[in-house]
Amino acid sequence: MATAVSRRNRRISPVFLGLVAIMGVSGWAVWTDFSASPGFAVFLFVVSGWIVSLCLHEYAHARTALHGGDISIGAKGYLTLNPLKYTHVALSIVLPVIFVIMGGIGLPGGAVFIERHRIRGRWKHSLISAAGPLTNVAFAIVLTAPFWLGVDGVPEVFRYALAFLAMLQVTAAILNFLPVPGLDGYGVIEPWLSYRVRRQVEPYAPFGLIAVFGVLWIPEVNTVFFDAIDAVMRALGVSAWETSWGQEFFRFWKGEPQLY
């Protein structure tokens, strides 16, 4: 019975498989120019791909926690990749998607509930926190493979869609790695801080993400942040031009962009 329950807890959710299917079909529609509205196809591809990446982000936290000693992870449903099983669906899925639609920025979502008292060793705690944004990094590398490998024959609009989706992964990774309470970057260093410092910082954790986005409204900070994003994207072989066109197609409600 224990084995059967374990297998059920690890079975990939139909919800996640549905998201992957939407990503695949919409990606095919963009690639073949099958859709009557390329912008809407790009929108579906990017949104579904973004939600898939959020599921993988949370799964990475959960899977690493399981191997670190938190055997309660399976019973919570986190290993099924079902976004509806996360403790904060609004933070993990809804708000990130809204931010993508409104501003084209990868909001780091959160969270799976990890029973940290079950885990022994500071390195394990740090790795659990780092696993999520590292997944975004890996996803960005995969998405940009046609660019840094110099692959020919990739349709123009599909390249733009890949560029924009990859940019969202990069922004999510950079924001998540900031050593701000409430973000994964702070979770990486927290085990190495003194008990006194951790207790002093703990009340501010719920406001960390809000503070980060408040600071990003400062024009000088915003410029530095997006310059860093552009630098990373260029290192992956993606130009600001391609990312910009990806966002233009994504915003299909503004009308179909004219490339020529």
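**Briefing: salt bridges, packing and surface of a predicted model**

Glu 115 and Arg 118 form a salt bridge, with their closest N and O atoms 2.6 Å apart. A salt bridge here is a side-chain nitrogen of Lys or Arg within 4 Å of a carboxyl oxygen of Asp or Glu. The whole structure holds five salt bridges. This is a predicted model, in which local features need pLDDT of at least 70, side-chain atom pairs count only at pLDDT 80 or more, and totals for chains, interfaces and linings use all residues. Residues are numbered from 1 along each chain as its sequence is written, and side-chain values use heavy atoms, with hydrogens and water left out.

**Salt bridges**

- Arg 118 also forms a salt bridge with Asp 70, where the closest N and O atoms are 3.7 Å apart.
- Arg 118 sits in the loop between α4 (89-103) and α5 (122-143), and Asp 70 in the loop between α3 (38-68) and α4, so the pair ties together parts that are 48 residues apart in sequence.
- Helices (H or I, at least four residues) are DSSP runs, numbered from the N terminus.
- Asp 70 is buried, at 0% relative accessible area, and Glu 115 is buried too, at 16%.
- Arg 118 is partly exposed, at 35%.
- Buried means under 20% relative accessible area, exposed over 50%, and partly exposed in between (1.4 Å probe, protein chains only).
- Salt bridges with shared partners join Asp 70, Lys 76, Glu 115 and Arg 118 into one network.
- Glu 202 and Arg 199 meet through their side chains in another salt bridge, at 4.0 Å from N to O.
- Arg 199 is partly exposed, with 48% relative accessibility.

**Around Leu 236**

- Leu 236 lies in the loop between α11 (219-235) and α12 (240-250).
- Leu 236 is buried, with a relative accessible area of 15%.
- Leaving aside residues up to four places away in sequence, Leu 236 touches Ile 141, Thr 144, Phe 147, Trp 148 and Val 170.
- Contact means heavy atoms within 4.5 Å.
- Leu 236 and Ala 166 are 70 residues apart in sequence, and their C-alpha atoms are 9.6 Å apart in space.

**Nonpolar surface patch**

- Leu 134, Val 137, Ile 141, Trp 148, Leu 149, Val 151 and Phe 177 make a nonpolar surface patch of about 590 Å².
- Patch residues have over 30% relative accessible area and no salt bridge; nonpolar side chains (Val, Leu, Ile, Met, Phe, Trp, Tyr) are joined within 5 Å, and like charges within 9 Å.
- Areas come from the Shrake-Rupley method with a 1.4 Å probe; for residues, only the protein chains shown count as cover.
- Helix α5 gives the largest share of the patch, three residues.
- Val 137 lies in α5 and is partly exposed, at 33%.

**Helix crossing**

- The axes of α3 and α12 come within 7 Å and cross at roughly 105°.
- Axes are lines fitted to C-alpha atoms, for helices over the stretch in contact, with angles from 0 to 180 degrees between N-to-C directions.
- The two helices, α3 and α12, are therefore roughly perpendicular to each other, a term for angles of 65 to 115 degrees.
- On the α3 side, the contact is made by Pro 38, Gly 39, Val 42, Phe 43, Val 46 and Val 47; on the α12 side, by Gly 246, Phe 249 and Phe 250.

**Positive phi angles**

- Asp 33 is not a glycine, yet has a positive phi of about 60°.
- Asp 33 lies in the loop between α2 (14-32) and α3 and is exposed, at 55%.
- Leu 81, also a residue other than glycine, has a positive phi near 65°.
- Leu 81 lies in the loop between α3 and α4 and is buried, at 8%.

Technical notes
Parallel < 35°, antiparallel > 145°, perpendicular 65-115°, else oblique.
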